[in-house]
Amino acid sequence: VFLITTVIFLAGIWVGHLIAEYRFGELENLQMSLKTQTATLETQYLLISQNPCILSETDRFNQELYKMGRELSDMEATYGTDSEDVNMLKEYYSLLELRHWLFLEQIKDKCKQNDFKTILYFYSNLGDCDDCNEQGFVLTYLREKNPELRIYSFDINIDNAALNWIKDSYGIKGVPSLIINGEYYTGFKNEDELAEIIK
């Protein structure tokens, strides 16, 4: 009995080690993929900056940024909100989002394009925001219905100088919080409320 128990115990440790190694390798692959994507996005940003009024290029940039955001969400769901690697990638992705938002503001000004509507969405996934998931679903639905809508999501718990500047400038304290076309709104907003605000 002792021998069988020992074998089962060691087998459990060995299987646990294999699973941990697999997950670590998977995380490394995802990190490498996302780092490549961020380098690509940064290069695209520099290229688009040469002629900011080429809207088809900015649309492609936006789609790739959105795709990267979904992959990061999947990583966070798999490895947890306390994963240091995931949080570092989230912080870097947030800076790319801010850059894209500022770039769109420049396009609206220089190219006289007022079609774009922008929403900066601040959330928390630490279990301290009951409405954040629902707000995220509503925003995703609105984005699919309105191709001119640009939504940028930021974890309010990320401590970054650029994000802190935005939070301080608009007085953002709680979540969910929204900055819609430069105006600050706090608390959950349903689809009808958001559609009215955007209009």
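Residues are numbered from 1 along each chain as its sequence is written, and side-chain values use heavy atoms, with hydrogens and water left out. Because the model is predicted, local features need pLDDT of at least 70 and side-chain atom pairs count only at pLDDT 80 or more, while totals for chains, interfaces and linings use all residues.

**Overall fold**

The protein chain has 6 helices and 4 strands. Both are DSSP runs numbered from the N terminus: helices are H or I with at least four residues, strands are E with at least two. Along the sequence the pattern reads α-α-α-β-α-β-α-β-β-α. The chain has 199 residues, and 37% of them count as buried. Buried means under 20% relative accessible area, exposed over 50%, and partly exposed in between (1.4 Å probe, protein chains only). The accessible surface of the protein chain comes to about 11,800 Å². Carbon and sulfur atoms hold 56% of that surface. Areas come from the Shrake-Rupley method with a 1.4 Å probe; for residues, only the protein chains shown count as cover. Contact means heavy atoms within 4.5 Å. Among contacts in the protein chain with a separation of 6 or more, 71% join residues 24 or more positions apart.

**The sheet**

The 4 strands form an open sheet in the order β2-β1-β3-β4, with mixed pairing. Two strands pair if DSSP finds at least two bridges between them. β2 (149–155) and β4 (183–186) stand at the edges with a single partner strand each, so one side of each has no neighbour in the sheet. From one strand to the next, the twist averages 20°.

β1 covers residues 117–123 and runs parallel to β2, joined by 7 bridges. β1 also pairs with β3, in the antiparallel sense, over 4 bridges. Some residue partners are listed here.

| Residue | Opposite residue | Strand of opposite residue |
|---|---|---|
| Y123 | D155 | β2 |

In β1, 6 of the 7 residues are buried, so the strand is largely enclosed by the rest of the structure.

**Helices on the sheet**

Axes are lines fitted to C-alpha atoms, for helices over the stretch in contact, and angles run from 0 to 180 degrees between N-to-C directions.

β1, α4 and β2 make a right-handed β-α-β unit. Right-handed here means that, with the strands pointing away from the viewer, the path from the first strand over the helix to the second runs clockwise.

**The disulfide**

The structure holds 1 disulfide, defined as a pair of cysteine sulfur atoms within 2.5 Å. C129 and C132 form it, with their sulfur atoms 1.9 Å apart. The torsion about their S-S bond is about 90°, so the disulfide is right-handed. C129 and C132 are both buried.

**A buried lysine**

K90 is found in helix α3. K90 is buried, with a relative accessible area of 7%. Leaving aside residues up to four places away in sequence, K90 touches L72, E76, Y123, N125, D155 and I158. Two of these contacts, Y123 and D155, also stand opposite each other, with D155 in β2.
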